[in-house]
Amino acid sequence: MRAVELQLLPEGGSFPGIDTTFSSLGAVSRDAVMNLGWHSDGSYTLLYRLTAQSLDPLREAIESNEDVQQYELIVEDETNVYAFLHVSEHEVLSELLTITEEHALLLEPPFRFTERGVRVTVAGEQASLQRAFDDVTDRIAVDVEWMGGYSPDRADTIGRLTERQREALSTAHELGYYETPREVSFEEVATELDCASSTANELLRRAESKIIDAVLAE
């Protein structure tokens with residue numbers, strides 16, 4: 001069984017409906033969709049994790065959105081809030097969910113928002129993943145970030161780093177790149193890895209980004 005971590009890149013950086021509403025609110029930041037349910041009538045239940053400076057604009061935006069059938073806000077602390085929503089169907093999202101069903105794939109939440117779109121992990125048989133990828137890219141822009149073996153019982157994100165990213169992290173650590181102050185530069189890490197400085201920098205940046213995402217998602 002294989003897994004792929006990718007970014008879905010919808011036009012404008014958000015999906016139609018409530019997602020676009022949230023993305024347009026200056027006082028609200030979308031962190032992740034913690035859970036997603038797709039129902040027989042086409043509607044969805046969504047559990048968003050949001051950062052909100054004020055709840056009033058958030059409530060007003062939700063209540064004025066005609067797609068929202070019902071909702072509840074669960075306040076975690078001064079700025080972090082969960083929004084449970086039952087919303088109407090939108091074609092783009094249903095098409096993507098249909099592709100996962102047709103190819104018998106698993107979607108692994110949470111689905112984390114980035115500056116460009118949303119990061120999703122999909123698991124299944126390799127041939128099914130390839131066919132689904134071909135179907136998805138006909139519908140929406142996609143950026144594949146990682147692929148490898150699927151380990152459902154492994155909670156840490158190290159298992160989702162590529163072999164080269166793990167090698168870069170390990171080498172950088174052994175050389176003292178993460179000491180304070182740093183004992184080597186990423187150019188010296190690149191020399192040890194026998195690659196260009198820009199390549200070493202990119203390997204470390206992507207690996208660090210995945211680890212930080214995993215820590216913040218806990």
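Helices (H or I, at least four residues) and strands (E, at least two) are DSSP runs, numbered from the N terminus. Here are some points to look at in the structure above.

1. **What you are looking at.** This is a predicted model, in which local features need pLDDT of at least 70 and side-chain atom pairs count only at pLDDT 80 or more, while totals for chains, interfaces and linings use all residues. Residues are numbered from 1 along each chain as its sequence is written, and side-chain values use heavy atoms, with hydrogens and water left out.

2. **Salt bridges overall.** Side chains of opposite charge can pair when their charged atoms come close. A salt bridge is a side-chain nitrogen of Lys or Arg within 4 Å of a carboxyl oxygen of Asp or Glu. Searching the whole structure turns up 9 of these salt bridges.

3. **A pair within helix α2.** D56 and R59 form a salt bridge, with 3.9 Å between the closest N and O atoms. Both belong to helix α2 (residues 55-63), and because they sit 3 residues apart, about one helical turn separates them. D56 is partly exposed at 47% relative accessible area, and R59 is partly exposed at 32%; for these labels, buried means under 20% relative accessible area, exposed over 50%, and partly exposed in between (1.4 Å probe, protein chains only).

4. R139 and E95 form a salt bridge whose closest N and O atoms are 2.0 Å apart. This pair joins distant parts of the chain, 44 residues apart: R139 is in the loop between α4 (126-137) and β8 (141-149), and E95 is in helix α3 (residues 91-102). R139 is partly exposed at 34%, and E95 is partly exposed at 26%.

5. R205 and E202 meet in a salt bridge of 2.9 Å, N to O. They are 3 residues apart in helix α7 (residues 197-217), so about one helical turn lies between them. Salt bridges also link E202, R205 and R206 in a network.

6. **Backbone details worth a look.** Most residues other than glycine have a negative phi, and most peptide bonds are trans.

7. **Positive phi values.** A104, not a glycine, has a positive phi of about 55°; A104 lies in the loop between α3 and β6 and is exposed at 65%. D194 has a positive phi near 60°; D194 sits in the loop between α6 and α7 and is exposed at 70%.
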